[in-house]
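Student: Could you go through this structure with me? I would like to take confidence, aromatic contacts and charged pairs in turn.

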Amino acid sequence: MSLSLLSPLAAALSVLVALPILAHLTRQRPTERLAYGAMLLVQRLVKRLRRRRALKDVLLMALRIAAVLLAVAAAAAPRISWKGDIPTFEGSGRMVLLIDQSLSMALVDGGGTLLERAKAEASARVRSTPDGARFGVVAFGPTSRALTTEMTDDKNRVLALIADLQPTMGSGDLRGGMLDARRLLAGEKGEVFVFSDEAGPSMIPEAEEEIGRLVALGSAVLPVPIHADPPRNLAVTAAHYGDGIEGGQLTFRVANYGPTTREAPCEVVLPDGQSIPVFVDAPAGGEAEARVTIPRQAASGVGRVSCDDPDLALDDSRWFHLPQVGASRVLIVDGDPGDTPVRSEVYFLERALAPWGGSSNGVVPEVVSPKGLGALDPTTHRLVFLANVADPGPFGARLRDFVRRGGSVVISVGDNITADRYNAALAGLLPSPFRGPESLADRAEEPVPLELPDTSRAPFEPFARGGRGAFSHIGAWRVMTLQPYADAGDVRTLLRFTGGVPALVSRDVGQGHVLVWTSSIDLGWSNLPLQAAFVPLTQRIAGWLGAESDGAVARVEATIGARVEVPLSDGISDVDVRGPDGSAVRATLQSGRAVFIADKPGAYEVRVTDGPRVGWVAVNLDPDESDVRRTKSLASVEAALDPEMFVRHQDLAEAAMGLSMVLLLAGALLAAFTGAAT
Amino acid sequence: MAGPRAIDAVAGWLGRGAREADDRAGAPGPIPWDPIVLARVRHLHFTARVLADRIVLGEHRSRRTGQAVEFADYREYAPGMDPRGLDWKVLARSDRLVVRRYETETELPVTVVLDLSGDLGTGETGVGGLPSLTGTKAGYAITLAATMLYWFQRHGEPVGLRLIGGEGARWSDLPPRGGRSHLQLLFLALASVKPGGRAELSRTLTEVGARVRRRSLVTVITDGMEEPANWLPALRSFGRRGTDLRFVHLYDRRELTLDLPEARVLYSPEGGDELPIDAPGVRKDFRAVVEHYLGEVRTGVLAAGGQYIAAPTDAPMERVIRNLVQVGTRPVEMP
């Protein structure tokens, strides 16, 4: 705010302020003197009146000085200038109405959404404009659209276009809106009214350049803020499943963009329909993180977290990927029953996979003889353990089909194994052909221990939190050696014995996996079953491979409105994509990927036409758009570009003169009604 | 105007008393007989007699030890005492020299303390610069004092005068004495004084209070226009000594109502700041000040054991005198 004088020379008249001061100092005193016998009482009276009188005198003098100063100020024609929030309509007769239809405009405030208010404001602006004015309408959500191809004076059409606007699910592309407005104005001057809540951290900064271009052309950008009072919104901004040895947790974050702390009732819905309620206290202007333990048995797919928020419902849900958790039906093929339990691989495997029996840990072991492999059902079983099976020849083809369709096979060796039979029966499954058994140490000596695992690899991730050191106690006296192979691509060496001999080798085949433990699972060749790491390692492998058997499908995260690309396996030539509501979504195949646009939030399923599922897509809103708080106003940008347009002026001469008169009158009344005591 | 014969007559009245008073006051030279003063003396004498005759009161008595009828007590003989008072029978019985003392009816010394400081001088001025004896505060005070002195002298009491302030009086301090000539001396002092100077009530009253006899009557006539908190404590010395104190509060009702038609610059003849006053604008506040002041003085006098007599200058003087010589007080007359 600033003050200027249109006639600064008149300020010299301010010396007149000395007049009331002189009048005060030399005010008229009575001249007639009188000897008075009761002066003691007069002195007491003066003392009594002095305080009251002093106050009145000062007030009177101040009133008079102020009156003179105001009169002088009126003569100097003062003008006060200040920065206004929004410039006034200049009336060029060419108006472009930019209406924000981004997600945040769906915020409910005062009984209606912000978009409804924006539409009402825009309509009122159109109606109040004199006939003959020309209008253009641009709506901007995730993308900007010019609703009129050129400027039009058809008010009814403009009003109808405005009335049809609906909120979108994405952010606001103000920059695109400004660009469309500039195109509509076609290089001529005009006013661009922006009806927006100005929410989001990036909308206005990204549009600054375009605003500058409009202003450079002589146009005015006139913001019409449509704000909630106060801005408030609750949104789920992140959801992520993190697994563990025995199931895992869903971690999600709830952002509160309002001014008060809120307790939000939330619900986690798993892909199989299980619902887990949870309450989250979200601090004002901050985020709260909540964790939900996922049950040990849960189907894989895309789950949802929703928190109830009446202000802006569109961003109250977030979808997340959930791998298969537990419930792995494991087929254990017992190739060496053994004469005692401790000499049987199956004895140890069964107890490691289901320590309490049954399926309380989500793993359902099923023990069969090699002949029982005929019961292998790719739709039921997730994992097959071949425990020291002598001849896999009769069911080699069945296993290959099982693995290609997403199943997994774990092979452990022993005295029954013959390398040639395995190489012949399981060609295409083994990471590398078996070469033959080899002793690493004398039986009377300590076994050769394992090197510590790399916990960045998926099977060992849970051991990063603890238990990694226990792997060094696992050792073997004898192993099945493999033909040399390249540790790259589909084949990976997950564990090695000290000295570099491979211990656990994996190979990806189709959508499935094959793991080879190069020693025995009983005590014949190694001490594995007696070590502390045995049970968690077995559980982890079962959980990982069991989940991956379904999780072999692609899992893709996407933002609404964005192009989604789902990688496909070789040979897939046609896919069927279904949206959250089950309706078909148009998709194309490009370079081995299924490509489509997700226009709704939720779970999208990608299947081979009339075939298995090949991908899940979790589509969510852009979390930035949920932030309905203003970080920068359009007016501030405009004011920086064209400061003069935002400056308001008010002449104060008349007000000063009027106030001067009022003060003089007040002074006269004060003097008249209070009288002069001494 | 008094003639030479009148002067001679007054001089004859005064006689030896005047000379003694001169000696006490250290006054130089012969008394300058002023015909105007002598006329005022006669006027005062006449007025006092008229007023005294209008007041009919019973005899008043005071008591002191003396030689008379009723035995009071014994006292050890000391050298210088009259040996005729010795009780010989006691001497015979006990070899002790004691003097018998008796109670009797006797005279009551009366001292009039008259304030004639400058503040009393407001109002009209009479002939020769002396205050008019009618219509002025000073004249009212002088006449009242003269009447009081005449009244008590006629009843056989020794009377004295102590002037506070005042100018032109040959004597300002005349202790109580009997006799007509002494009364004339007092009248001469009253007739010749004019208001002036400062009262300094506290100092004067303290001085008088320390000097008067234990059983005596003191009448203070003053306008009390000094801070009461300063001089009221001095009155307590009278009460402590058993002195019969009668306080005549003299005031001009017009001054206490601020009866001025327009703004004036007011000043005190005793000095001090001049104060411009717009009387119509402050009369209400002034009334509150006066009420507080009168209450303060009256309460202070009563607390000191004195009698308070209000004496507005427009009140009939005989009524004031009646209040003065009677025991008890009347309510304060508000202006």
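Tutor: What follows is a short walk through those topics.

Tutor: This is a predicted model, in which local features need pLDDT of at least 70 and side-chain atom pairs count only at pLDDT 80 or more, whereas totals for chains, interfaces and linings use all residues. Residues are numbered from 1 along each chain as its sequence is written, chains are lettered from A and ligands numbered from 1 in the order in which they are written, and side-chain values use heavy atoms, leaving out hydrogens and water.

Student: Where is confidence lowest and highest in chain A?

Tutor: The mean pLDDT (the predictor's confidence in each residue, from 0 to 100) is lowest in helix H1 of chain A, residues 18-25, at 69, and highest in strand S24 of chain A, residues 475-476, at 96. Helices and strands here are DSSP runs, of H or I over at least four residues and of E over at least two, numbered from the N terminus. For chain A the mean is 84, with 89% of its residues at 70 or more.

Student: Moving on, how many aromatic pairs are there over all chains?

Tutor: There are eight, a pair being rings of Phe, Tyr or Trp (its six-membered ring) with centres within 6.5 Å, called stacked with planes under 30 degrees apart, edge-to-face over 60 and tilted for the rest. One of them joins Phe460(A) and Phe471(A) edge-to-face, at 5.8 Å centre to centre and 85 degrees between the planes. Phe463(A) and Phe471(A) also pair edge-to-face, at 5.1 Å and 85 degrees, and Phe460(A), Phe463(A) and Phe471(A) form one aromatic cluster.

Student: Is Phe471(A) buried or exposed?

Tutor: Phe471(A) counts as buried because its relative accessibility is 0%, where buried means under 20% relative accessible area, exposed over 50% and partly exposed in between (1.4 Å probe, protein chains only). Phe463(A), at 3%, is buried too.

Student: And the charges, which residue does Asp109(A) bridge to?

Tutor: Asp109(A) forms a salt bridge (a side-chain nitrogen of Lys or Arg within 4 Å of a carboxyl oxygen of Asp or Glu) with Arg117(A), the closest N and O atoms being 2.8 Å apart. Asp109(A) is buried at 10%, while Arg117(A) is partly exposed at 31%.

Student: What network does that belong to?

Tutor: Salt bridges link Asp109(A) and Arg117(A) in a network with Arg232(A), Arg262(A), Asp309(A) and Asp311(A).
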